[in-house]
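Hi,

Here is the structure I promised to pass on. Have a look, and then read on for what turned up in it.

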Amino acid sequence: MALPVPTADRGGSLFETILSALVILVAIAFAVYLVEKTGTGHMGSYTVRVSLGDAAGLDVGDDVRVSGARVGSVHSLDVDKPRYGAIVWVSIRDDLPLPADTAAKVTVSALGDVYLTLEPGASNRMVAPGGMIGEISRSKPRKRPHVES
């Protein structure tokens with residue numbers, strides 16, 4: 001039994017054309033999703049902790065920016081119990097090492113968007129994954145006010 005041999009004048013079927021168009025649309029949709037989700041198209045990241053005196057308005061999923069450019073997002077928020085400050089866990093693009101003396105502050109845009117601004121310092125040492133930005137001194141925790149009952 002011989003296999004059929006395609007002829008030179010045979011054009012593509014409608015099914016093949018539709019399938020090819022769907023594959024192209026899925027590829028474009030994925031590229032758009034990647035850029036929208038990461039803000040840069042870059043998927044790798046590392047996590048660092050940021051110590052803040054006040055993280056009012058900041059929420060999980062908010063942007064982390066350097067010089068106005070999105071470089072990460074807020075992963076979680078917690079309370080630093082000894083000093084009643086905020087610890088913010090953030091994910092940062094892994095192609096962006098941050099100097100150890102990087103400063104952080106909560107910023108509100110003119111339209112009311114809240115995000116964490118990182119201001120890189122000049123140190124030659126870099127913050128390691130899992131490291132702390134704005135590490136606080138543990139020698140003087142904030143004292144609790146005395147409440148009489």
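Which way do strand 2 and strand 6 run, parallel or antiparallel? They run parallel, joined by three bridges. (Strands are DSSP runs of E, at least two residues, and helices are runs of H or I, at least four residues, both numbered from the N terminus; two strands pair if DSSP finds at least two bridges between them.)

Before the rest, some housekeeping: this is a predicted model, with local features needing pLDDT of at least 70 and side-chain atom pairs counting only at pLDDT 80 or more, while totals for chains, interfaces and linings use all residues. Residues are numbered from 1 along each chain as its sequence is written, and side-chain values use heavy atoms, leaving out hydrogens and water.

Strand 6 (residues 114–119) runs antiparallel to strand 5, with six bridges between them. Leu118 in strand 6 sits opposite Ala104, and Val66 also stands opposite Leu118.

Strand 2 (residues 63–66) is joined to strand 3 (residues 69–80) by four bridges, and the two run antiparallel. Asp63 has Ser73 in strand 3 as its bridge partner. The two strands form a hairpin with two residues between them, and Ser67 in the turn has a positive phi of about 55°.

Leu14 counts as exposed because its relative accessibility is 65%, the cut-off for exposed being over 50% (1.4 Å probe, protein chains only).

Cheers

Note on methods: Buried means under 20% relative accessible area, exposed over 50%, partly exposed in between (1.4 Å probe, protein chains only).
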